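Subject: Structure handover

Hi,

Here is the structure I promised you. Please open it first, then read my notes below.

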Number of protein chains: 2
Amino acid sequence: MSQTKPRGRPAAMDQNARSILLDAATNLFAHQGVAATTLAQVARAADVTPAMVHYYFKNRDQLLDAVVDERVFQFVELVWTPPAPGADIATVMAGMAERIIRGVESMPWLPLLWVREVLSEGGMLRERMMQRLPFDRVQQLAALIGDGQRNGTVNPDLEPRLLFITVLAMSLMPLATASIWRTRPGMQDIDNTVLIRHVTAILRHGLARE
Amino acid sequence: MSQTKPRGRPAAMDQNARSILLDAATNLFAHQGVAATTLAQVARAADVTPAMVHYYFKNRDQLLDAVVDERVFQFVELVWTPPAPGADIATVMAGMAERIIRGVESMPWLPLLWVREVLSEGGMLRERMMQRLPFDRVQQLAALIGDGQRNGTVNPDLEPRLLFITVLAMSLMPLATASIWRTRPGMQDIDNTVLIRHVTAILRHGLARE
């Protein structure tokens with residue numbers, strides 16, 4: 001490998017160029033926001049010319065579509081595995097929490113991007129995520145939880161249609177705010193293993209001792 | 001009351017002018033972000049001249065300080081009531097969840113402002129909130145929960161230092177995303193009473209039937 005990379009290398013020279021551009025865009029979007037990120041900045045972060053960004057993604061809209069489809073959806077696919085019929089709901093949801101928390105280890109941009117561009121009103125990925133979120137799977141899960149309530153295995157006072165968002169919030173919010181609370185005295189030792197145990201404990205038994 | 005309000009009325013004419021300006025600023029900050037909001041927009045929303053904004057708040061920093069101290073902190077004060085010694089932890093945390101959810105009814109800007117300006121990296125109220133958050137109370141609460149674990153009344157697998165953020169996440173996240181999920185078919189009937197019952201149920205007993 002040479003020390004100085006040629007800028008504006010042709011696509012054939014780097015099969016991964018598109019993937020590197022997507023990673024660079026995803027990171028910039030997470031850290032400084034979609035609105036504040038120019039295609040020129042994406043090119044610079046990926047060490048290519050702006051022309052190269054336009055070569056792979058005709059325009060900004062195409063780049064945003066690709067970030068949602070090929071990056072954010074990697075996370076969604078990782079988190080959602082269909083629960084087996086008759087599966088214990090607490091086990092299913094604790095498994096989902098663990099996959100969310102571990103998934104962020106390999107996609108550290110996820111909580112930031114989610115807070116900034118999906119949760120925030122006017123977030124620039126919100127509409128795109130809405131159109132692609134697996135609402136059918138959320139509904140199937142809610143139906144399964146409702147079945148559990150009817151056959152007496154699931155807490156009858158929880159709301160099946162809110163449980164997915166509850167588990168997402170419990171798992172993702174501490175990660176999204178980690179840069180705030182991890183800097184506090186006596187908080188540095190709280191790692192993802194502790195967080196998984198904590199969320200699992202509440203989902204399984206609530207706050208009181210069994 | 002006259003139909004046409006005079007613009008730029010002197011302060012003495014309206015004791016509430018400062019409060020109206022704070023409300024207008026808080027709303028604009030929540031819906032379009034601090035960075036995108038000019039003092040001129042705040043003046044327009046409050047139906048006063050820009051000079052009036054400068055009269056009450058010398059500059060943008062003073063306005064941000066006042067929004068945090070006099071609006072966001074109304075919410076913090078509402079949510080935090082000191083738990084009685086020996087209080088049942090599930091009851092304490094369920095009470096906190098209920099105060100968060102009901103508090104948003106009178107401060108509907110809170111979830112949006114929190115997501116946009118506190119949770120988001122680079123959020124413009126983040127530093128200000130950090131300096132003012134009642135970390136001492138969070139620590140006292142964690143100590144109380146730790147006591148409960150030692151005397152066998154609290155689930156030993158949960159992490160006392162994470163419980164406040166968990167309850168905040170479970171309560172606030174569904175409200176922050178309500179404009180997304182309430183528009184989905186079959187979700188419109190989920191109101192705050194349902195949300196309070198749902199969060200309380202999980203905090204008290206977890207997902208499995210007692």
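A word on angles before the helix packing: axes are lines fitted to C-alpha atoms, for helices over the stretch in contact, and the angles run from 0 to 180 degrees between N-to-C directions. Keep in mind that this is a predicted model.

**Helix pairs**

Start in chain A. Helices α4(A) and α5(A), the latter spanning residues 89-106, pack at an angle of about 150°. Their axes are 9 Å apart. The crossing of α4(A) and α5(A) is right-handed. From α4(A), the contact takes A:F75, A:L78 and A:V79. From α5(A) come A:M96, A:R99, A:I100, A:G103 and A:V104. By class, the residues of this contact are six nonpolar, one polar and one charged.

Now chain B. Here helix α5(B), residues 89-106, packs with helix α9(B), residues 163-176. The angle is about 35°, and the axes are 10 Å apart. The α5(B)/α9(B) crossing is right-handed. On the α5(B) side you will find B:I89, B:M93, B:M96, B:A97, B:I100, B:I101 and B:V104. They meet B:L163, B:F164, B:V167, B:L168, B:S171, B:L172 and B:L175 of α9(B). The residues of the contact of α5(B) with α9(B) comprise 13 nonpolar, one polar and no charged.

**Chain A overall**

Chain A has 11 helices and zero strands. Along the sequence, the pattern reads α-α-α-α-α-α-α-α-α-α-α. The C-alpha atoms of chain A fill a box of roughly 65 × 45 × 35 Å along the principal axes.

**Domains of chain A**

In the contact, 14 residues of domain 1 of chain A touch 10 residues of domain 2 of chain A. The two domains of chain A bury about 1,100 Å² between them. Of that area, 56% is on carbon and sulfur atoms. Within domain 1 of chain A, the residues that lose the most area to domain 2 are A:T26, A:A30 and A:V34. Together they make up 43% of what that side buries.

Between domain 1 and domain 2 of chain A, the count is three salt bridges. As for individual pairs in chain A, A:D23 forms a salt bridge with A:R71, with the closest N and O atoms 2.7 Å apart. A:D61 forms a salt bridge with A:R128, at 3.0 Å between the closest N and O atoms. A:D61 lies in helix α4 (residues 60-79) of chain A and A:R128 in helix α7 (residues 126-132) of chain A, so this pair ties together parts that are 67 residues apart in sequence.

**Chain B against chain A**

How many residues does each chain give to the contact? Chain B gives 59 residues, and chain A gives 59 residues. Chain B and chain A bury about 5,400 Å² between them. Carbon and sulfur atoms carry 63% of that area. The salt bridge count between chain B and chain A is two. B:D189 forms a salt bridge with A:R161, and their closest N and O atoms are 2.8 Å apart. Over all chains, the structure holds 24 salt bridges.

Best wishes

Notes. Residues numbered from 1 in each chain as written. Chains lettered and ligands numbered in written order. Predicted model: local features only at pLDDT ≥ 70, side-chain atom pairs only at ≥ 80, totals over all residues. Heavy atoms only, no water. Helix = DSSP H or I, 4+ residues; strand = E, 2+ residues; numbered from the N terminus. Left-handed = near helix turned anticlockwise from the far one by under 90°. Contact = heavy atoms within 4.5 Å. Nonpolar A, V, L, I, M, F, W, Y, C, P; charged D, E, K, R; others polar. Buried area = accessible area lost by both parts, 1.4 Å probe. Salt bridge = Lys/Arg side-chain N within 4 Å of Asp/Glu carboxyl O.
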